[in-house]
Amino acid sequence: MAGEVRLGIIGIGNMGSHHVRSMPQVRRCRLTAVCDLVPSKMDWIDGVEKFENSRDLIRSGLVDAVLVATPHYDHTTIGIDALDNGLHLLTEKPISVHKADCERLIAAHRRNPNLKFAAMFNQRTDPHYQRIRRIVRGGELGEIQRTSWIITDWFRSEAYYASGGWRATWAGEGGGVLLNQCPHNLDLFQWICGVPTSVDAKCAFGKYHRIEVEDEVTAYLEYANGATGVFVTSTGEAPGTNRLEIVGDRGKLVYESGRILFERTEVSVKEFRETTPHAFPTVPTWRCEIPANGYGGQHLEIVQNFVDAILDGAELIAPAEEGIHSVEMANAMLLSSWTGRPVEMPLDGALYEAELKKRIETSSFVKAPAKEAVVDMQSSF
Ligand SMILES: NC(=O)c1ccc[n+]([C@@H]2O[C@H](COP(=O)([O-])OP(=O)(O)OC[C@H]3O[C@@H](n4cnc5c(N)ncnc54)[C@H](O)[C@@H]3O)[C@@H](O)[C@H]2O)c1
């Protein structure tokens with residue numbers, strides 16, 4: 001590899017084009033090949049080999065690694081093909097549409113453990129989420145009692161859903177807001193607070209848009225230690241909210257509007273509750289504004305980290321194996337909504353795959369032909 005990674009990008013749509021444009025900023029990495037099923041998508045790219053089939057790019061001998069930015073179902077098939085042909089893999093989120101596919105992809109990496117396998121969870125580079133994770137995982141907040149994430153600032157228009165035939169269909173995308181926008185939040189949620197043991201959810205399908213998949217979700221979560229949580233999301237409301245609130249035995253941490261406020265109790269709340277002689281006490285609390293500036297390196301930082309992992313063995317910011325957790329949480333919310341019952345985790349991946357297949361086979365939804373939409377990628381992350 002001689003001090004440089006030769007990268008191929010597969011899927012030159014909104015996200016893939018953004019990755020191609022940012023490649024000159026990635027150190028020790030050279031874009032040598034691109035691939036899209038639609039050749040005209042690659043017309044504007046110069047100086048690299050172009051392929052209309054990922055199999056040919058993967059076997060071309062021109063690349064050491066690939067970044068897969070196709071619609072989600074193909075992350076699994078193309079990812080497995082890349083790993084089994086000796087290429088390092090950076091896959092867009094979600095790593096797969098459902099848990100069984102995640103397991104197939106992860107199994108391919110287990111067969112090829114020397115290859116780097118990373119996921120584009122770019123929001124893990126955001127200093128706010130990094131700081132919150134350190135506080136929670138470092139024990140500063142004490143044992144978690146309650147979590148709540150209202151993440152409804154993923155507003156999307158009809159034009160967005162009409163812009164790709166695959167979008168917002170069971171067959172093409174395998175879900176809606178949970179599979180497209182929320183993989184970021186579900187990944188961060190589990191990265192910070194852990195994976196719940198039970199998920200009970202109500203999803204609304206096509207409530208705000210002419211789509212067959214979910215565009216609004218309210219979920220109730222339970223964790224192994226008895227903590228409870230809620231997760232609320234929507235692509236249909238504006239102005240949206242992004243409010244993450246985590247309550248622990250040492251206080252309350254709230255992230256909203258780019259600020260982290262930690263109201264830290266002087267003592268353990270449990271101990272205080274059990275020992276104070278007062279009937280209506282106030283727990284003494286300090287208000288701490290936690291500084292965290294900027295936006296983080298986002299996609300570019302994830303690609304650079306992938307290259308550094310290949311060349312120098314740097315620790316991955318987002319190992320793709322961890323991507324199974326956000327998929328499993330999304331699947332559990334959908335399954336719970338379909339069955340009207342809480343879903344115990346770990347989810348039965350085969351059962352979920354069968355239920356999803358039923359929706360694909362019985363769908364009578366007819367999507368209008370794809371229409372070009374005005375795209376501003378920066379505002380879509
Ligand atoms: N990390 C992020 O912030 C972020 C943001 C947007 C999208 N994404 C992810 O990127 C992926 C693509 O989303 P998008 O919005 O760019 O979609 P898009 O429809 O704009 O682009 C997908 C492209 O892939 C091509 N394609 C489809 N199947 C292919 C195949 N088998 N081989 C080669 N090319 C193929 C299509 O022709 C199209 O050009 C999705 O998985 C999405 O979740 C991630």
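Reader: Where does R28 sit?
Author: R28 is in the loop between α1 (14-22) and β2 (29-35). Keep in mind that this is a predicted model.

Reader: And what about the phi of R28?
Author: R28 has a positive phi of about 60°, although it is not a glycine. Most residues other than glycine have a negative phi.

Reader: Is R28 buried or partly exposed?
Author: R28 is partly exposed, because 14 other C-beta atoms lie within 10 Å.

Reader: What about A168, which phi does that have?
Author: A168 also has a positive phi, about 55°, and is not a glycine. You'll find A168 in the loop between α6 (158-162) and α7 (177-180).

Reader: Buried or exposed, that A168?
Author: Buried: A168 has 28 other C-beta atoms within 10 Å, and 20 or more is what it takes to count as buried.

Reader: Nice. Now the strands: what is the order in the open sheet of nine?
Author: The order is β14-β13-β12-β11-β7-β10-β9-β8-β15, and the pairing is mixed. At the edges are β14 (285-290) and β15 (343-344), each pairing on one side only.

Reader: How many bridges join β7 to β10?
Author: Six, with β7 (residues 144-151) and β10 (residues 228-234) running parallel.

Reader: Which strands does α8 touch?
Author: Helix α8 (residues 183-193) packs on the sheet and touches β7, β10 and β11 (242-248). The direction of α8 makes about 165° with that of β7. Helix α11 (residues 323-339) packs on the sheet too, touching β8 (198-205), β9 (214-222) and β15. The direction of α11 makes about 70° with that of β8.

Reader: Let's switch to β4. Which of its residues are buried?
Author: In β4 (residues 65-68), A65 and L67 are buried on one side and V66 and V68 on the other, so both faces are covered. In a regular strand the side chains alternate between the two faces of the sheet.

Reader: And which strands pair with β4?
Author: β1 (residues 5-10) runs parallel to β4 and is joined to it by four bridges, with I10 partnered by V68. β5 (residues 88-91) also pairs with β4 in the parallel sense over four bridges, and there L67 has L90 as its bridge partner. Together, β4, helix α3 (residues 73-84) and β5 make a right-handed β-α-β unit.

Reader: Last one: how do α4 and α12 cross?
Author: The axes of α4 (residues 99-111) and α12 (residues 349-362) come within 7 Å and cross at roughly 120°, which means α4 is oblique to α12. K99, A100 and E103 of α4 make the contact with G349, A350, Y352 and E353 of α12.

Reader: What kinds of residues are in that contact?
Author: The contact of α4 with α12 has three nonpolar, one polar and three charged residues.

Key:
Residues numbered from 1 in each chain as written. Predicted model: local features only at pLDDT ≥ 70, side-chain atom pairs only at ≥ 80, totals over all residues. Pairing = 2+ DSSP bridges. Helix = DSSP H or I, 4+ residues; strand = E, 2+ residues; numbered from the N terminus. Contact = placed C-beta atoms within 7 Å. Axes fitted to C-alpha atoms, helices over the stretch in contact; angles between N-to-C directions. Parallel < 35°, antiparallel > 145°, perpendicular 65-115°, else oblique. Nonpolar A, V, L, I, M, F, W, Y, C, P; charged D, E, K, R; others polar. Buried ≥ 20, exposed ≤ 12 C-beta atoms within 10 Å, placed from the backbone. Right-handed = clockwise from strand over helix to strand, strands pointing away.
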